[in-house]
Structure formats: structure tokens, C-alpha cells
Amino acid sequence: MSTGKTAADTETAKPTGEVVPSGDVREEYEDLVEQVRKHRFAYYQEDAPIISDVEFDELYRRLETLEAMHPALVSNDSPTQEVGGEVSAAFAAVEHLQRMYSLEDVFSLEEVEAWIAKAEAGIAKLGNGTPAPSWLTELKIDGLAVNLLYRDGVLVRAATRGDGTTGEDITHNVLTIKEIPQQLRGENFPAEMEVRGEVFIPSQAFAEFNEALIKAGKAPLANPRNAAAGSLRQKDPAETAKRPLRMYVHGIGAREGLETASQSETYRQLAVWGLPTSPYVEVLDGLQEVLAFIKRYGDKRHSLTHEIDGIVVKVDDFATQRALGHTTRVPRWAVAYKYPPEEVHTKLLDIAVNVGRTGRVTPYGVMEPVKVAGSTVEMATLHNQEVVKAKGVKIGDIVVLRKAGDVIPEIVGPVLALREQQDPPVRDFVMPSECPACGTPLAPGKEGDVDIRCPNSRSCPAQLRERVFHLAGRGAFDIEALGWEAAIALTQPAEPETPPLTTEATLFDLTPEDLADVRVRREKRSKGVATGEYELVPYFFTKATAKTPSKPTATTEKLFRELEKAKTQPLWRVLVALSIRHVGPRASRALATAFGSMDAIRQASEDQLASVDGVGPVIAAALKEWFAEDWHRDIVDRWAASGVRMQDERDESTPRTLEGLTIVVTGSLEGFSRDEAKEAILVRGGKAAGSVSKNTSYVVAGENAGTKLDKAEQLGLPVLDEDGFRALLANGPSDSAGEEDAAEDSADDRPEAAAE
């Protein structure tokens, strides 16, 4: 997934006069941007990270390094300029009254020491009136950040962090958490107050909940963090209520009528009002006390109420926080120290390969099951054959397994001292020369791509299975009844010999009769215990008996209902469902907004596609390459013939008052959500940009406008308040050109932003 426009293949000058490096540096940068975006989406939107925290941190740090070395590379929507992830389409988007920031991460005690020294130096420059800092030090809970909005003591809204500015409305699910008060107790409540906290599942409750699931014959949850995030994203609050969720507050955002001087004083007041505060918080006086706190909780991290992945250190005093301020992404007054990932030894039994939806063949390790970071692990990715070589692992080795960040297991390398003792002897991994799913000779990727791919994208059953599973996902058609097992049954059943789907093109043409004979292989069980014997059983239909005929299961009936519903999904979701390489939700939304229909996208030139903000040449080339294939076009045509929506409705009666204008909206507007403001600009022919540059025509500044307003004022750009924005929408620039420059930056006196 790419994040936006990229430089041409030759060196080019940006409007600022900077030179964009060509060749390997630019290609590495584009690849890093794509990877960071992909993994952030998997982590924040899907609650299913596909690499470890350590691996992500390495990618992110390399991206920061490249941007520092080559500032001309930085795209307008680089991941380094953003907080968290996008907002899921499954929930309504809501804007936070005040931005929720991320935290700067450090990974060693030396880095903690350096950060505190830098912060103290910054405080010293503030003058004699600034007190020596006290450090509020607390545990970094491994859960999901949530923003609670109280008005006059009543909980009126709860939202995820999202991208820091806009989150997902999860109010109904949060109301099921008994620990979170719907009405604060006591008196003298602020007229309005945002409380930030972390929702989690306690370690013991998580273990007990998983045991209950297993006894009920259901799959256990993966880990507490993903379980908490997934629980809050349930579409049915009744399902959320079944999960043992809790919350601890860790900060405060916008507020009106709360005059506390420090973070710790705020915590005490919030506790008085009945909000749940953490018992693991201390205000410390210096570096040595902070380091001792880190060591103490590192030694007993598994005996705590909840899982942690580090320690957060904050300047306690609010006035000092305000004086230190923020970067575009993180506060200068807080830092997160992340504990080293845990490691164990286990035996590498085999290295197998998996074929993904774009044909990428990925080796993975199969290990003797081992418990690490609170869960049992028996598989771990090895990425590609070059990684296998670089790590030096052989089949049969005792390996170091690291579950980095308590999320994704990683094979670090072999324990060489034990290699000669293995029986049978260890052996090298040999990358298969043919696809294990279809037998097609494997081929290397494009120049500079170390991945090996199966080129048989049309007929490879593994790729088809992965594409069908992908198109049913929440980011695409959102077909809940078409999960992993159903995707296998549709594309690779044990019987019949010809599966119901040999191409995703016919998905919407399926009938219940097409599924009646589908059989899958299942292990027989006796009183709930596996017998080691297997049988073929119906998947989509019930098993016929002498008294009752076979009939569609409830899940099958739901599948066909959801297939009909999927036909009405907006254009951007259809684009995501097509599994076009690099084209994820962000690019799909941009394309759907710019062109409005699938036909317009198909007919657009590569230059026209690349010129769309959020697309760029890499995605444009991928689109043209995809549509060049006859069988790809057939998918679109067959879906369209089956009734899948291929064009978004547009109101042609709206005057095109903003043709040729680029507008940036920042802060909170009373009459527009972020999406509504963007839509109002787009339908009038304008471009809704995410960042300010000298090419910006207007900046619309609402409440709590931040760094974008600062940059607009530095560049001397016209700044409009909400009334000015409405006039611009109605009449175009003639009545609004700079006359409404009334929005003032209130950064010096706005409330402190919670950083987690």
C-alpha cells in the first residue's frame, strides 16, 4: 500500500527547491512507507498484527532515518506525520475535541536516560519560574486506547483513538463495561471533559475466558490486547458484554471547568468522581527513581493485573507540559520505554511455505509448541528464503523464539551450541521450485524484490482461497459468514472434484444448490476427544439422515443474505475486494472520490490515476497492470452483471464552486464532522488535502486547530473560520478570499492532550 505521490525515476526538484534522490534510496523509502501503512492497518483496524512490535519499530525507525537524511523524500501523508490508524468503516467516525497523540518509544535504559536529560535541558531553558520536573511514571497497558466524553458528569460518547483526530464511535460497547461510570459521582463536574484511558482484559480473566471457550468447543482468543480491541469492535454490544473488559484512565484531553495543575492531581480527582485509575502509578523525583521503577515492574510483569509492554514516563506538571509542547506526532513531555521481548528455546520441526493472495510464497517455521508471553506458539513467519539464510536456521535446530511485544512470534536464530546434538541431524531448508498448491514453477519477483512468487494467479487454488477470504473482510465486502474455513470449502473442498468457485468472478452467481455437495475432511471425535480418524462431512448443508433430508445450514442462509447486502457496498470497498496489489482502503477511497465509477477508473490514464492525492505512480502502475488482464476485467464485469454497485451516487445539482482549489480542514467544526467537511469540498469540485503546503488555497480552522494552522500562518495562507468555510462552499472564493482570517491559534492555552 502506498501513501501518495512519489518522485519520478530521475532526480526532480520539489517546489521548495529540494532534490528528490533517485534510485535505491527512493525505492527503499517507497517500500518502507507501504510496509508501515500495511502493518499499521493490520494492527489498528484489523486487530491482527502480522509482524512483531520489534519488526515494526525497526521499519518505522528506518523510515524516520531516511526522512531525516533526505527531507525531500517526505510525502505529505507520510506515516511519520500521523497518529495511530484509520477509522474502520464498520463504525461511525467521530472527532475528538482535542487530538490524541502517540508516544515516542525508546528501547533501552540508556535511551531513557538520554530522553530525560533532553527534557530537563528543555525545561531549564524555560526560565527560573519553571519548577524542576517530577516524573509521573506508570505502566504501559497492552490494550486499546479509548476517549470518553463527559458533559456535566454524564458519559455521552466513547471513541477509539483512530488517527488521533478522528476515532470510531464505540459508545454502545463501552456502556457494557461496568467499571466505566455512565454518571460520575459527587459534584462540581466540568461542563465538558475528555478522559483518555486503556481498555484491557485482566490476565487472569483472559485465561479463564479462554478456558471457557475451549470447553464450549470454540476457538480461544489470541492474546489480551487483540481480545480487548476485538471486543470493543463487536457489532453487537451484547457480545461485548460477555467479555471481561476493564479500563484504567491515563490522561485527559479537552475540558471546560476542571482546574487541576498536574497529571497526578487530575488522577486523584478522576478517582473521586468514580473513574478507574491505575494502582501502578508513582510520581518520582529523578532518573534513578525512574530506572528503579522500570526494573521493579520488569521483574514482576507477569504477576500484575494486566499485560504490559513497557513503562510510560511523563512530566507531571501541566504548565511545563504546555511549555514543552508537541511535535507533529508525539509530546515532548512523555516517553514510552518498551521492555525487551521475551525469548524461549524450542525445536524447529520443519519449514513449510504458504502462498498468499498476490502469489507471494512465504516460508514459516513449524515448532514444538512452547508457551511464551502468555500464549502457546507453534508457528512463526520466516518472511522469505533470504531471511532463512540470514538467520542461519536449519530444520531440526533448537531455535531462539521471541514473542516480540507480546504479539507476533519470531525465530531469532539457532542455538549453535546444541546443533551437533540433534537427532536426526539438522538439514537445510530448500525453497520449493514449484508452487505447493498448483505445481506451477515459482518465479522471482521484480527487480529488487527478494520474494518468490507463484505466477499462476488466475488458477492457483491457494491464491484464490486467499483472495476470497480477503474480499469477505471488514475492509472490503464485509461478509461475516465467509470466513477462513468457508473460503477453503468454496475453493478447495475434499468433494466435489470441481469446487464451487474456480474464480472469484462467480461469487455472486452462487446458489444454494451449488453448495449442496461440498464436503470437507473432519477428524472424528468421541465425547469431544479426537480419535485420529477422518471422514468427509457436508460443510454448507446439514447431514442427511433416514428421517431428515439435507438442508442449508443457518450460516449458509446468512451467507446468501450477506452476499446480497455486499452488492450495495460503496465503490471503494469493491476496489479493495479486487486484491489489486498496493491498492488498500486509503487509495481506494481516493480513487472512488476522484473518479466516481469503476468505468472511469478503468479508462483513466496512468498519469490521471497517479495525480490523485493518495495514489501516486506506484499504485497507478499497479492498477493499469491489473486491468490489462482479461480475467481481471472479467471479475469486474461478472460482478457488475450480478448487481454489484460499480458507481457511487453523486448530487449533480451541487454547484462546483471550488474547482481548482485545495482546502485543508483542521480542528473541530460545530456543523461538520471531518468526513462531512471533506465530502462538502469534494462534491463542489475542490481537493480536500491532508497537509498544508504553499499550494494550499485555504485552511479552515476549527476549535483546537494545531500545527496545520501554525504552518498556514507561517506561509501566509488565507485562514477561514466555520462561517467563512460555509461562505466559501456557497459562493466560491470571490466572497471569502482571506476575509475570514479570524481563527486564532490557541496552542498556548489549550488543555493538555493525553499521549497514549
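Let me begin with how residues are classed: Ala, Val, Leu, Ile, Met, Phe, Trp, Tyr, Cys and Pro count as nonpolar, Asp, Glu, Lys and Arg count as charged, and the others, Gly among them, count as polar. What we have here is a predicted model, in which local features need pLDDT of at least 70 and side-chain atom pairs count only at pLDDT 80 or more, while totals for chains, interfaces and linings use all residues. Residues are numbered from 1 along each chain as its sequence is written, and side-chain values use heavy atoms, with hydrogens and water left out.

First, the overall picture. The secondary structure comes to 23 helices and 26 strands, where helices (H or I, at least four residues) and strands (E, at least two) are DSSP runs numbered from the N terminus. Of the 756 residues in the protein, 52% are buried; here buried means under 20% relative accessible area, exposed means over 50%, and partly exposed lies in between, with a 1.4 Å probe and protein chains only. Among contacts with a separation of 6 or more, 68% come from residues 24 or more positions apart, a contact being heavy atoms within 4.5 Å.

Now to the cavities. By class, the lining of the largest cavity has five nonpolar, three polar and two charged residues.

Arg 453 lies in strand S20, residues 452–453, and it counts as buried because its relative accessibility is 13%. What does the side chain of Arg 453 make a polar contact with? The partner is the side chain of Thr 358, at 3.1 Å, a polar contact being a pair of N or O atoms within 3.5 Å, where within protein one must be able to donate a hydrogen and the other to accept it, and where residues adjacent in sequence count only if both atoms are side-chain atoms. Leaving aside residues up to four places away in sequence, Arg 453 touches Thr 358, Gly 359, Arg 360, Val 361, Leu 442, Ala 443 and Arg 581. Glu 30, in helix H1 (24–44), is buried as well, at 13% relative accessibility, and its C-alpha atom is 9.9 Å from that of Val 74, which is 44 residues away in sequence.

On cysteines, a disulfide is a pair of cysteine sulfur atoms within 2.5 Å, and by this rule the count comes to zero. Cys 435 is in no disulfide, the nearest cysteine sulfur being that of Cys 438, 3.7 Å away. Cys 435 counts as buried at 4% relative accessibility, whereas Cys 438 counts as partly exposed at 27%.

Finally, some backbone points to inspect. The peptide bond from Asp 423 to Pro 424 is cis, with omega near 5°, and Pro 424 sits in the loop between strand S18 (408–414) and strand S19 (443–444). A cis peptide bond also joins Glu 495 and Pro 496, with omega about 0°, and Pro 496 lies in the loop between helix H13 (484–491) and strand S21 (519–526). Asp 152 has a positive phi, near 55°, although it is not glycine; this residue is in the loop between strand S6 (144–151) and strand S7 (154–160) and is exposed, at 52%. His 582 likewise has a positive phi, near 80°, in the loop between helix H15 (571–577) and helix H16 (585–595), but His 582 is buried, at 16%.
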